[in-house]
Amino acid sequence: SSGINAEWPLRPGDNFVFKIVPMLNPDGVIVGNYRSSLAARDLNRNYKNPIKDAYPSIWSVKAMIRRMLTEREVVLYCDLHGHSRKMNVFMYGCENKEPSLRLQERVFPNMMSRNTSKFKYSSCRFKVKKKKVPTATLR
């Protein structure tokens, strides 16, 4: 038989675990905040050392990732959210200084742009500005 399961070397269910967090700040969004929680805390700038009581959603996601790292390698962490001035789908990524790994973080965005016209690789940024250091981009 030439069935997909018989010949396909990678079966996503056997090799990959997807953890999807639909929204980190539902309490803020409900009152019109894009980046802030209901307590007016900027969730995009507090990934480095989140205080559990002040940033419970960020703290919980990081705890989940730490637990996963004890069981398997985390290949990709992708933080998707809207932008106040950009009208398409894009990603901010890490800037890898190691020449042999420089393109590694660009593979997934490139694949996305090849699979949907809504995703614009040309809008992606991989150079980390100082103000982005405490964001999920580097964590």
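Predicted model: local features only at pLDDT ≥ 70, side-chain atom pairs only at ≥ 80, totals over all residues.

Begin by selecting Pro56, which counts as partly exposed at 46% relative accessibility; here buried means under 20% relative accessible area, exposed means over 50%, and partly exposed lies in between, with a 1.4 Å probe and protein chains only. Pro56 lies in helix 4, where helices are DSSP runs of H or I with at least four residues, strands are runs of E with at least two, and both are numbered from the N terminus.

Residues are numbered from 1 along each chain as its sequence is written, and side-chain values use heavy atoms, with hydrogens and water left out.

Next, show the whole protein chain as a cartoon, where 5 helices and 0 strands can be found, running α-α-α-α-α from the N terminus on. Of the 139 residues in the protein chain, 22% are buried. If contacts (heavy atoms within 4.5 Å) are listed between residues at least 6 apart in sequence, 46% of them join residues at least 24 apart. Switching to a surface display, the accessible surface comes to about 10,900 Å², of which 56% belongs to carbon and sulfur atoms, as computed by the Shrake-Rupley method with a 1.4 Å probe, only the protein chains shown counting as cover for residues.

Keep the surface on and select Phe16, Phe18 and Ile20, which make a nonpolar surface patch of about 400 Å². Patches are made of residues with over 30% relative accessible area and no salt bridge, with nonpolar side chains (Val, Leu, Ile, Met, Phe, Trp, Tyr) joined within 5 Å and like charges within 9 Å; a salt bridge is a side-chain nitrogen of Lys or Arg within 4 Å of a carboxyl oxygen of Asp or Glu. Phe18 sits in the loop between helix 2 (12-15) and helix 3 (26-29) and is exposed, with a relative accessible area of 66%.

Which residues gather in a patch of positive charge on the surface? Select Lys19, Arg66, Arg67 and Arg72 to see this patch. Arg66 belongs to helix 4 (residues 56-69) and is partly exposed, at a relative accessible area of 44%.

Finally, move to the loop between helix 3 and helix 4, where Tyr34 is found. Tyr34 counts as exposed at 78% relative accessibility, and its C-alpha is 8.7 Å from that of His83, 49 residues apart in sequence. Ala40 is also placed in the loop between helix 3 and helix 4; Ala40 has a positive phi of about 65° although it is not a glycine, and it is exposed, with a relative accessible area of 59%.

Terms used
Lys, Arg positive; Asp, Glu negative; His and termini not counted. Charge placed at Lys NZ, Arg CZ, Asp CG, Glu CD.
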